[in-house]
Amino acid sequence: MAGQLDKLLKDVAKKIVSDLGESLDTSIVYTRKTSPVYNTSTGALSTTDVSYSIKVPVEFVQSSEEESFQENVARVYITPDLIGDSQPLLQDEITLQFSGSTRIAKITDIKTFKGNQEYAFRIDIVF
C-alpha cells in the first residue's frame, strides 16, 4: 500500500509543478554543480556542471532594499525528474529572469517532500 501511495503522491506533485510552471510561464535554468576534480599532473581544478532548462512555479517571498542594494527572496518548486532524478544541493545554482535581467540565485534552503521516495522540493533562493 505504501508503494502505491508514494507513486500517487509523486505523480500528483509532478502534475502540479508541471501545470503551474506552464501556466505561469516561469522558466529557470537549474545548474547542478559537480564536485571539483583536481588534476595532480596539471594542477588544474575542473568541474562538469549539468544544466536543466525547466518551467516551474516561482513564488516571490520578499524584496528589500538597503543602501541602493536590492535583495530578493523567492521559492521555487521542483520535482526530481526535472533535475535528473537528483537531490538539490546548496552548492547548485538557479538562473532566472527578474525585472528584465538575468539573475543567478543562491540556494539558501531546501525542503524535501517525501515518503519512501522524494516527490518534490521547495527551494528558497536569494538574488
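## Salt bridges and sheet of a predicted model

Asp49 is partly exposed, at 33% relative accessibility; buried means under 20% relative accessible area, exposed over 50%, and partly exposed in between, with a 1.4 Å probe and protein chains only. This is a predicted model, in which local features need pLDDT of at least 70 and side-chain atom pairs count only at pLDDT 80 or more, while totals for chains, interfaces and linings use all residues. Residues are numbered from 1 along each chain as its sequence is written, and side-chain values use heavy atoms, with hydrogens and water left out.

The structure holds five salt bridges, each a side-chain nitrogen of Lys or Arg within 4 Å of a carboxyl oxygen of Asp or Glu. Three of them are listed below.

| Pair | Closest N and O atoms |
|---|---|
| Lys33 and Asp49 | 3.1 Å |
| Glu93 and Lys33 | 3.8 Å |
| Arg122 and Asp124 | 3.7 Å |

Lys33, Asp49 and Glu93 are linked in a network of salt bridges. Lys33 is partly exposed at 24% relative accessible area, and Glu93 is partly exposed at 26%. Both Arg122 and Asp124, by contrast, are buried.

Strands are DSSP runs (E, at least two residues), numbered from the N terminus, and two strands pair if DSSP finds at least two bridges between them. Strands β7 (residues 93–98) and β8 (residues 101–114) pair over six bridges in the antiparallel sense, and Thr95 has Ile104 in β8 as its bridge partner.

Conventions:
Helix = DSSP H or I, 4+ residues; strand = E, 2+ residues; numbered from the N terminus.
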